[in-house]
Amino acid sequence: MTADSTDTAFGTEQVRRARFAVAAVFTVHGAVTGSFATRVPWIQDHAGLSAGQLGLALAFPAIGASLAMPLAGAISHRFGARTALRGLLALWTLALILPSTAPNLLTLCAALFVYGATAGMSDVAMNALGVEVENRLDKSIMSGLHGMWSVGALIGSAAGTVAAHLGADARLHHALAALVLTTLGLIACQGVLDLRSRPDEEPPPRFTLPPKSALIIGAVGFCAVFAEGASLDWSAVYLRDVMDTSAGLAAASTTAFALTMAVARIAGDKVVDRFGAVRTVRVGGVLATVGGILVVASPDAALAMCGFGLLGLGVAVVVPLAFAAAGRSGPNPSQAIAGVATITYTSGLIAPSAIGSLAEATSLVVSFGLVTVLAFGLVLGAGVLRAGDRRQVSSSDAGAPSTKSAEPRP
């Protein structure tokens with residue numbers, strides 16, 4: 001399903017309402033992730049897993065997402081954007097119940113596969129609608145939408161922390177959270193744009209290789225997500241083992257990194273509107289590279305923490321802009337977004353283990369040297385996100401004939 005941003009069948013006020021509705025969807029999506037992450041220790045104990053078995057199980061969400069994301073375009077084509085998002089988001093919020101009920105490794109892997117598959121499909125559907133709203137508003141919103149996802153994750157993790165502190169059974173906690181989040185998600189989906197494909201439009205294939213444009217854009221997203229995943233999972237370990245800090249200060253570095261990313265994403269739209277996607281990512285790459293250099297070269301813990309903060313600030317808006325660029329890079333936004341999402345999910349999957357393997361063979365300092373090199377890759381590759389620069393797309397398309405292939409429904 002495709003849609004042309006010059007179509008004015010939707011009123012301005014309706015599109016503005018759709019922006020807030022999509023933001024609410026992103027928040028709900030993030031809250032599921034936060035709710036799950038805080039109860040992983042409980043799930044491990046309940047299933048009787050070793051650390052190695054848990055690591056194996058936690059690979060299955062990314063596997064499920066990568067395999068299922070290409071289906072999102074076909075589902076949206078068949079049922080329409082609003083109905084597809086409503087169903088996929090509900091499946092994702094309800095899938096939160098599954099992991100905590102798994103009694104062993106096999107059932108947990110199966111539960112996490114479903115959990116990841118529903119996460120990935122709803123992720124593609126909501127990002128495609130976010131790009132469409134951005135096109136119609138003619139202003140950058142994708143960074144802010146991903147910022148709201150981070151806010152949702154923080155809310156979900158805060159609630160999960162309280163539940164864990166009270167010793168609540170994760171099965172009860174996740175059942176209640178799923179009920180609340182499903183209800184909120186269904187309400188939010190009522191306000192998103194209802195786009196439907198033309199009757200004569202060919203449906204996208206259920207499974208297909210990502211288009212070349214998505215692979216190139218995804219490579220930039222890979223660099224950003226690798227740096228993000230490495231910093232989130234290893235910053236505390238780095239501060240403790242390399243800088244010899246206390247456990248509390250080490251943990252604070254991870255929290256600071258996550259907050260830096262959330263704030264940068266929420267504020268990022270104004271920066272993108274002012275300077276454009278390419279320049280924003282290029283400057284972000286410089287900041288992230290400087291941050292990586294501070295991490296690997298500084299003998300002082302405070303400077304290393306500043307380095308992690310700069311890494312978070314530098315990579316924060318890259319993934320939202322990669323999705324925006326993918327959504328404008330070809331005739332099938334959902335397929336391109338699914339391709340970029342698959343690459344970034346893969347990056348998030350391999351980053352923690354790659355950092356650990358390299359650290360075991362050499363040192364954590366060398367591992368974050370690799371992160372620094374990948375951060376510099378953002379400086380070199382920023383130009384491929386030109387398709388995500390709303391200002392350039394608008395000016396280059398001025399006067400072009402409409403090729404609308406999606407129709408609104410009341």
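I'm calling a residue buried when its relative accessible area is under 20%. I'm working from a predicted model here.

**Aromatic pairs.** I searched the whole structure and got six aromatic pairs. I looked up Phe 36 and Tyr 115 to start with: they make a tilted pair, 4.9 Å centre to centre, with 40 degrees between the planes. That pair links distant parts of the chain, since I find Phe 36 in helix H1 (residues 12-37) and Tyr 115 in helix H8 (residues 105-137), 79 residues apart.

Next I checked Tyr 238 and Phe 308, which pair edge-to-face at 5.9 Å centre to centre and 80 degrees between the planes. This pair also joins distant parts of the chain: Tyr 238 belongs to helix H11 and Phe 308 to helix H14 (residues 301-315), 70 residues apart. I have both Tyr 238 and Phe 308 down as buried.

**Helix H11.** I tested its length: 30 residues (212-241) at 1.5 Å a residue should span 44 Å, and the end C-alpha atoms are 41 Å apart, so that agrees. Where does H11 bend? I found a bend of about 55 degrees at Trp 234.

**Charges over rings.** I saw the charged end of Arg 78 over the ring of Phe 79, 4.9 Å from its centre. For Arg 274, the charged end sits over the Phe 275 ring, 5.0 Å from the ring's centre.

How values were computed. Residues numbered from 1 in each chain as written. Predicted model: local features only at pLDDT ≥ 70, side-chain atom pairs only at ≥ 80, totals over all residues. Heavy atoms only, no water. Helix = DSSP H or I, 4+ residues; strand = E, 2+ residues; numbered from the N terminus. Expected span 1.5 Å × (residues − 1). Bend = angle between axes of the 7 residues up to and from the residue. Phe/Tyr/Trp six-rings, centres within 6.5 Å; stacked < 30°, edge-to-face > 60°. Buried < 20%, exposed > 50% of the residue type's maximum accessible area, 1.4 Å probe, protein only. Lys NZ or Arg CZ within 6 Å of the ring centre and 35° of its normal.
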